[in-house]
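Here is a brief report on one chain fold. Take the sequence and the coordinates together.

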Amino acid sequence: MPSLPSGPQGRRRCCGGSWTETRRPPRSGQQVLLDGTVVGHVSSGNFSPALGVGIALAFLDSTVGPGAKVTIDQRGTEVPATVVKPPFLS
């Protein structure tokens with residue numbers, strides 16, 4: 001994933017994709033968590049009719065790579081998601 005300028009506390013950020021395990025679409029600004037710790041935020045998201053799940057692009061700490069199991073805080077509900085490398089379809 002391409003590396004972006006440092007985020008808060010000097011951590012490197014990179015842009016990655018994620019898809020949720022539900023149909024609930026992630027939205028811009030929602031936090032991405034790994035083991036309860038904020039590791040990024042959603043920049044854009046929506047429901048994917050082709051995949052049948054919510055998908056998102058997010059700015060993530062560079063320590064979080066494809067395959068990582070994360071959660072997205074969607075209005076107080078932590079929705080399970082998996083970090084993937086875009087594009088979402090091959």
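The sections below cover basis, strand pairing, core and backbone exceptions.

## Basis

This is a predicted model, in which local features need pLDDT of at least 70, side-chain atom pairs count only at pLDDT 80 or more, and totals for chains, interfaces and linings use all residues. Residues are numbered from 1 along each chain as its sequence is written, and side-chain values use heavy atoms, with hydrogens and water left out.

Helices (H or I, at least four residues) and strands (E, at least two) are DSSP runs, numbered from the N terminus. Strand E4 spans residues 37-48 and pairs with E5 in the antiparallel sense, over eight bridges. Pairing requires that DSSP finds at least two bridges between two strands.

## Burial and core

Strand E5 covers residues 53-61. Seven of its nine residues are buried, so E5 is largely enclosed by the rest of the structure. Buried means under 20% relative accessible area, exposed means over 50%, and partly exposed lies in between (1.4 Å probe, protein chains only).

The largest nonpolar core has 12 residues, among them Val32, Val42, Ala58, Leu60, Val70 and Ile72. E4, E5, strand E6 (69-74) and strand E7 (77-84) each give two or more residues to this core. E5 supplies the largest share, three residues. Such a core is a set of buried Ala, Val, Leu, Ile, Met, Phe, Trp, Tyr and Cys residues joined through side-chain atoms within 4.5 Å. In soluble globular proteins, nonpolar side chains tend to be buried together.

Valine 70 is a core member. Leaving aside residues up to four places away in sequence, valine 70 touches Val32, Leu33, Leu34, Val64, Val79, Pro80, Ala81 and Val83. Contact here means heavy atoms within 4.5 Å.

## Backbone exceptions

Most residues other than glycine have a negative phi, and most peptide bonds are trans. Aspartate 35 lies in the loop between strand E3 (31-34) and E4, and is exposed at 77% relative accessible area.

Arginine 75 also has a positive phi, about 55 degrees. Its loop runs between E6 and E7. Arginine 75 counts as exposed, at 78% relative accessibility.

The peptide bond from proline 86 to proline 87 is cis, with omega near 5 degrees. Proline 87 falls in the segment after E7.
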